[in-house]
Amino acid sequence: MDRDYVTINRDIWDAEAAHWVAMGAQRWALEAPIWGNWGAAEAALNLLPADLAGKDAIELGCGTGYVSGWMARRGARVTGIDISSGQLATARQLAEQHETAATFIEGNAEATGLAEASFDFAISEYGAAIWCKPDAWLREAWRLLRPGGRLVFLGNHPLVLVCSPLNGAPCDATLHRPYRDMWGGGLDPSRIRSHRGVLQSDDVGVDGSVPGHRVPRDELSRDLHSGPRNRNERQRAGRMG
Ligand SMILES: C[S@@+](CC[C@H](N)C(=O)[O-])C[C@H]1O[C@@H](n2cnc3c(N)ncnc32)[C@H](O)[C@@H]1O
């Protein structure tokens, strides 16, 4: 029988959970949040509202829960939801270790079962934003938010692929492949794998790569930060608002 994608994702993340503990612990221990594949500073991006104290915040697809931890430290009442019990076990353990109050619940971010209009702020850092159906999880986030509430989410930009070395190492600040035809012509889809959310393949040819071309750091940060951020900007850009 075919299994649905949510069940498949849950089983994969349960199997993978042990490999995310170290990274989660590292992020929980940070003094200040950093974001994205290039570790852009929160001070530069301001993704978290400055006034979270006393607010209700939810992290959709919270994984090891460090973003929830960062919000709780800013005084928010935090709920983290994730489909994987393995990831949630890590989140709960790290929250306890850091003496941080946050509620971690098991569930599907596309249909949380939580009361509507019960949060002021929602965030997904590579969680629901890249694992759920956009029309389902965005509707759910909208339903959960109070009027005037704000949603922030992070996903992968094609720059991540362009800046990923051909030997499979994590992305850096060098352009390693062309933006167009970045995989080369003869890619065997069965050899594509995912590493920390970045697709990789042993078959990627060196044809057309641009070794040694560096992307200025502020350009990477600007890219991570691109897109309209407040309601007025979103409306001007014709996006959800
Ligand atoms: C790359 S992790 C991101 C989470 C967190 N930022 C971290 O790095 O630990 C992706 C998370 O999304 C969760 N996830 C995938 N599908 C989900 C769904 N339908 N509902 C809730 N969580 C989901 C996975 O279980 C996993 O913990």
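Trainee: Leaving aside its neighbours within four places in sequence, which residues is Gly-24 in contact with?

Mentor: Gly-63, Thr-64, Tyr-66, Thr-90 and Leu-94. Bear in mind that this is a predicted model.

Trainee: What makes those count as contacts?

Mentor: The cut-off is on C-beta atoms placed from the backbone, which must lie within 7 Å of each other. Gly-24 and each of those five partners pass that test. If you look at C-alpha atoms instead, Gly-24 and Tyr-66 are separated by 6.4 Å, although they sit 42 residues apart along the chain.

Trainee: How do you know that the span of α5 is close to what is expected?

Mentor: Take 1.5 Å times one less than the number of residues. With 13 residues, α5 has an expected span of 18 Å, and from first C-alpha to last it reaches 18 Å. Just after the helix, Glu-99 takes a positive phi of about 50 degrees.

Trainee: What makes the largest nonpolar core a core, and which residues touch the most other members?

Mentor: Its members are buried residues of nonpolar types, joined through C-beta atoms within 7 Å. There are 33 of them, and Ala-57, Ile-58, Leu-60, Met-71, Phe-119, Ala-122 and Ala-128 touch the most other members. Elements giving two or more residues include β3 (56-60), β6 (119-125) and α7 (134-144), while the largest share, five residues, comes from α4. In soluble globular proteins, nonpolar side chains tend to be buried together.

Trainee: What does Phe-119 contact beyond four places in sequence?

Mentor: Asp-56, Ala-57, Ile-58, Leu-144, Leu-145, Arg-146 and Gly-149.

Trainee: And the shell around the ligand: how does it divide into nonpolar, polar and charged residues?

Mentor: Twelve are nonpolar, ten polar and three charged. Gly counts as polar in that tally. Of the 25 residues in the shell, Trp-13, Gly-61, Gly-63, Ser-84 and Trp-131 come nearest to the ligand. α1 gives the most, with three residues, and β4 and α6 each supply at least two.

Terms used
Residues numbered from 1 in each chain as written. Predicted model: local features only at pLDDT ≥ 70, side-chain atom pairs only at ≥ 80, totals over all residues. Buried ≥ 20, exposed ≤ 12 C-beta atoms within 10 Å, placed from the backbone. Helix = DSSP H or I, 4+ residues; strand = E, 2+ residues; numbered from the N terminus. Contact = placed C-beta atoms within 7 Å. Near = placed C-beta within 6 Å.
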